[in-house]
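Thanks for coming. I have one structure to go through today, so please look at it while I talk.

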Amino acid sequence: MTDGDYDYLIKLLALGDSGVGKTTFLYRYTDNKFNPKFITTVGIDFREKRVVYTSSNTNGTATGKTFKVHLQLWDTAGQERWAAFFPLSYFHVICLQLLLLICKFPGQLQANAYCESPDIVLVGNKVDLADQREVQEKQAKELADKYGIPYFETSAATGAEVDKAVITLLDLVMKRMEQCVDKPPADPASGNGTTKLSDAQPGEKKCAC
Ligand SMILES: Nc1nc2c(ncn2[C@@H]2O[C@H](COP(=O)(O)OP(=O)(O)OP(=O)(O)O)[C@@H](O)[C@H]2O)c(=O)[nH]1
C-alpha cells in the first residue's frame with residue numbers, strides 16, 4: 001500500500017494511567033519491538049500501521065471482502081485528565097490498565113463517549129510481571145463484562161495478546177461501520193437499495209464510527 005492507498009482511516013486511542021505501558025504497547029503493535037525505557041509521553045503522539053481487514057459474517061466465516069485500513073494509534077499522556085481533554089467522538093479506544101490497579105476507566109469512558117456503546121477494549125498490560133500482580137484475571141474480567149467490553153491480558157515485553165487486542169477493536173469498529181452502511185437510506189428516493197461497506201468511498205464518513 002502506498003501513502004494514500006487505503007479504504008479506511010481508523011483512529012484508535014490508548015488511554016490509561018501513566019506508566020501502564022501505552023507507548024510501549026503501541027510500539028510493540030506497530031514495530032514488534034519492546035522498549036524497556038520509561039520516557040513519559042508529553043501531550044499526545046501517534047503511531048501508524050497499515051493492515052488488510054478481512055470482513056466476516058456473524059458466524060465468523062470470511063465474506064471474501066477485504067479492505068485496506070490505515071490505522072492511526074494515538075498515544076496519550078497518562079498523567080493528564082484525559083476525559084476532559086480528548087474529543088472521544090473521533091476515536092475508538094484501547095483502555096490500558098496495569099493489572100495492579102482496579103480499572104476505573106470503562107464507566108467514565110461510556111459517560112463521555114460519542115454513542116451509547118462505544119467501541120472499547122480493556123487491556124490489562126504487563127502480564128509478564130506475574131509476581132507483582134494484584135488484580136486477578138477473574139476480577140478484571142468481571143469489570144469488563146459489566147460494561148460488555150472485551151478484555152485482554154497483554155505483555156508489551158513478550159508481545160502476548162497485543163495484536164489480538166488491537167485486531168478485536170478494529171473488528172468491532174468495522175462491524176459497526178458495516179451495520180451503519182447496511183441500513184436502508186432514510187429517503188427511499190435517494191437510493192434504490194442498501195449501501196454496502198464495499199460501496200463506500202475511501203475516507204467517507206457513514207456514521208459516528
Ligand atoms: N515488563 C513489562 N514492562 C512494560 C510493559 N509495558 C510497558 N512496560 C514498561 O513500563 C514502563 C512505562 O511504559 P510506557 O509505555 O512509557 O507507559 P505509558 O503508559 O505510555 O506512560 P505515560 O507516557 O507516562 O502515560 C516502561 O519502562 C516500559 O518498558 C510490559 O508489558 N511488561
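Predicted model: local features only at pLDDT ≥ 70, side-chain atom pairs only at ≥ 80, totals over all residues.

Before I name any partners across a sheet, a word on terms: two strands pair here if DSSP finds at least two bridges between them. With that in place, take β2, residues 44-56, and β3, residues 62-76. They run antiparallel and are joined by twelve bridges.

The predictor gives the complex an ipTM of 0.99 and a pTM of 0.80. For the chain, the mean pLDDT is 74, and 66% of the residues reach 70 or more. Where is confidence lowest and where is it highest? It is lowest in helix α2, residues 82-85, at a mean of 50, and highest in α1, at 94. There are also stretches where pLDDT stays under 50. One covers residues 98-104, for which the model has 19 contacts beyond four places in sequence. Another covers residues 190-209, with 30 such contacts in the model.

Now the overall layout. The chain has five helices and six strands. Along the sequence they follow the pattern β-α-β-β-α-β-α-β-α-β-α. Of the 209 residues, 31% are buried. If you take contacts between residues at least 6 apart in sequence, 72% of them join residues at least 24 apart.

Back to β3, which has another partner. Strand β1, residues 8-15, pairs with β3 in the parallel sense over seven bridges. In that pairing, the bridge partner of Ala14 is Asp75 in β3. How many residues of β1 are buried? Six of the eight are, so the strand is largely enclosed by the rest of the structure.

The buried ones are Lys22, Thr23, Thr24, Phe25, Leu26, Arg28 and Tyr29. Just after the helix, Asn32 takes a positive phi of about 55°.

Which element gives the most to the shell around the ligand? That is α1, with three residues. There are 24 residues around the ligand, and those that come nearest are Ser18, Gly21, Thr24, Thr41 and Gly78. By type, the shell divides into 13 polar residues, seven nonpolar and four charged. Thr24, then, is on two of these lists: it is a buried residue of α1, and it is among the residues that come nearest the ligand.

Last, helix α4, residues 137-147. Its buried residues are Ala140, Leu143 and Ala144. Seen down the helix axis, these fall within an arc of 95°, so they line one face of α4. What does the face turned away from the buried side carry? There you find the exposed residues Lys138, Glu142, Asp145 and Lys146. After α4 comes Gly148, with a positive phi near 65°.

To go back over the main points: β3 pairs with β1 in the parallel sense and runs antiparallel to β2. Helix α1 has the highest confidence in the chain and gives the most to the ligand shell. For residues 98-104 and 190-209, pLDDT stays under 50. That is what I have.

Technical notes: Residues numbered from 1 in each chain as written. Buried ≥ 20, exposed ≤ 12 C-beta atoms within 10 Å, placed from the backbone. Helix = DSSP H or I, 4+ residues; strand = E, 2+ residues; numbered from the N terminus. Near = placed C-beta within 6 Å. Nonpolar A, V, L, I, M, F, W, Y, C, P; charged D, E, K, R; others polar. Arc of directions from axis to C-beta. Contact = placed C-beta atoms within 7 Å. pLDDT = per-residue confidence, 0-100.
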